[in-house]
Amino acid sequence: MPAISVSQLHKSFRVYADGSSTLKDRLLFRHRRKYRLQPVLRGVSLEIRKGEAVALIGRNGCGKSTLLKLISRILYPDAGSVQVHGRVSSLLELGAGFHPEMTGRENIFTNASVFGLSHGEIRSRLQEIIDFSRLGDAIDRPVRTYSSGMYMRLAFAVAIHVGADILLIDEILAVGDAAFQAKCMERLLALKAQGVTIVIVSHSMSQLERICDRSIWLEQGEICMDGPPGMVHPYYLEQMGRQNQPCEQPLMPSPVHLTGGRLLDAKGEPTACVTEDASLTLCLHYQTTEDTCVQAAVTVAVYRSDALLCWSSNTTLTGEAAFDLHGTGMLQCEIDMAPLANGQYWVDAALRHPETNALLDAAHRMLLFSVEHSTKEKGVVHLPHRWK
C-alpha cells in the first residue's frame with residue numbers, strides 16, 4: 001500500500017475582477033462580482049511509496065504548494081481523490097497554527113496536540129523539542145516577539161518530533177540560518193533512514209539531490225517529468241535557463257556572436273560526462289558579422305545545478321592577450337574538471353572588449369555536463385587525499 005496515492009486531481013481557484021473589499025460593497029453589488037476560474041492542478045496522478053523521499057520542483061505558480069495542501073487536507077480537490085496512509089506532519093506555512101500571544105512552550109502543546117499527540121506524549125518530548133529549536137529562555141516568551149527564523153525553528157522542531165509517518169515540507173527551510181539548515185538536513189536524513197515518507201518543495205537542487213530518491217517536475221499544473229533527481233534536474237534547469245537569460249545585454253549591435261560550445265575528451269570526442277581525472281577541452285564557436293578583425297577577451301564560468309558559481313576566469317585578468325576574431329572560428333580552453341564533485345553543471349561564456357570590458361556577446365547555459373566519479377564523496381569539490 002503506498003503512503004500517498006493521488007488520482008486525477010483537479011483544483012482551481014476563483015480570481016475576482018472586482019476588487020471591492022468592504023462589507024457594504026459586497027452587499028450592495030453582490031450580483032456584480034465577476035470571477036474566472038484559474039486552474040492550478042490539471043489531472044495530476046501519482047503514488048509515493050512508504051519511506052520514499054520525493055521532491056516537487058517547478059516554477060512559482062505551477063501547483064507545488066497546492067498539491068501539498070491537498071495531501072495534508074488543508075484544501076480539497078474539485079475532482080479526483082487523495083488517499084494518505086499514516087500520520088501526517090506538515091510544514092507548509094511559517095508559523096501556521098501558532099497563536100501569537102501564547103508562549104513558545106504553550107504553542108508546542110497546542111501544535112503537537114493538533115498532530116494527534118496526547119498531553120503525556122507531548123510532556124515526554126517537550127525538552128527534546130526545546131533543545132532542538134535552540135530557543136533557550138525565549139521558549140517562555142510570546143511567539144509574536146520571535147523572528148522568522150525562531151518561528152521556523154520551533155515549527156520544525158515540533159513537526160519532526162510528533163512521530164509522523166509522512167512529513168510534508170514547503171520551502172520553509174530557506175528561512176533558517178546556515179547552522180540550523182545543516183541541522184535540519186541531518187535530521188531529515190535520519191528520519192528518511194527510519195522509514196518516514198518525505199515530500200519536500202524546494203528550489204535548491206543540491207538540497208533535494210541530497211535528500212530525495214525521486215523528483216516530480218510540475219509545469220502548468222501537470223506532471224512534466226518524474227524520475228531520479230539526476231535525470232530530471234538537468235532538463236528542468238535547462239528549460240529554466242532558456243527562459244531566464246542574463247540581464248546584461250550588449251549596448252549596441254555586436255560585431256561577433258557566440259554560436260555554440262562543446263566539451264571534448266582526451267581523444268577529441270564530444271562528451272557531456274566527466275568520469276575520470278582528465279583534462280577536457282572547452283570549445284567556443286564564434287562568428288563575426290563584419291569583414292574586419294574583432295578583438296575580444298573571453299570569460300568562462302562553471303556553475304553547479306543549484307546556480308552555485310564553482311569557477312570563473314577572464315583572459316584579461318589572467319594576463320592573456322586579446323583574441324583576434326575573424327569570420328567563423330573556434331576558441332579552445334583546456335580545463336581540468338577532476339576537482340569537481342559528482343553532480344550536474346553548466347557553462348556560461350562571454351566575449352568582452354579587452355579595454356572597455358563592454359559586453360560583445362554572452363551565452364547563458366551554453367552547455368550542460370555531469371561529473372560522475374567512482375567515489376561517493378559529497379560536497380562542491382573532490383579533494384585528492386591519502387590516509388596513513
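1. Helix 6 is followed by G195, and the phi of G195 is positive, near 95°. Helices here are DSSP runs of H or I with at least four residues, strands are E runs of at least two, and both are numbered from the N terminus.

2. A word on the source: this is a predicted model, where local features need pLDDT of at least 70, side-chain atom pairs count only at pLDDT 80 or more, and totals for chains, interfaces and linings use all residues. Residues are numbered from 1 along each chain as its sequence is written, and side-chain values use heavy atoms, with hydrogens and water left out.

3. Back to helix 6: its 16 residues (178–193) reach 23 Å from first C-alpha to last, close to the expected 22 Å (1.5 Å times one less than the number of residues).

4. Which residues of helix 6 are buried? They are F180, C184, M185, L188 and L191 (buried is under 20% relative accessible area, exposed over 50%, partly exposed in between, with a 1.4 Å probe and protein chains only).

5. The buried residues pack against helix 4, helix 5, strand 6, strand 7 and helix 7 (contact means heavy atoms within 4.5 Å).

6. Elsewhere, 4 strands make an open antiparallel sheet, ordered 11-10-13-17. Strands 11 and 17 stand at the edges, each with a single partner strand, so one side of each lacks a neighbour in the sheet. Strand 13 pairs with strand 17 over 9 bridges (pairing needs at least two DSSP bridges), and S279 has D336 in strand 17 as its bridge partner.
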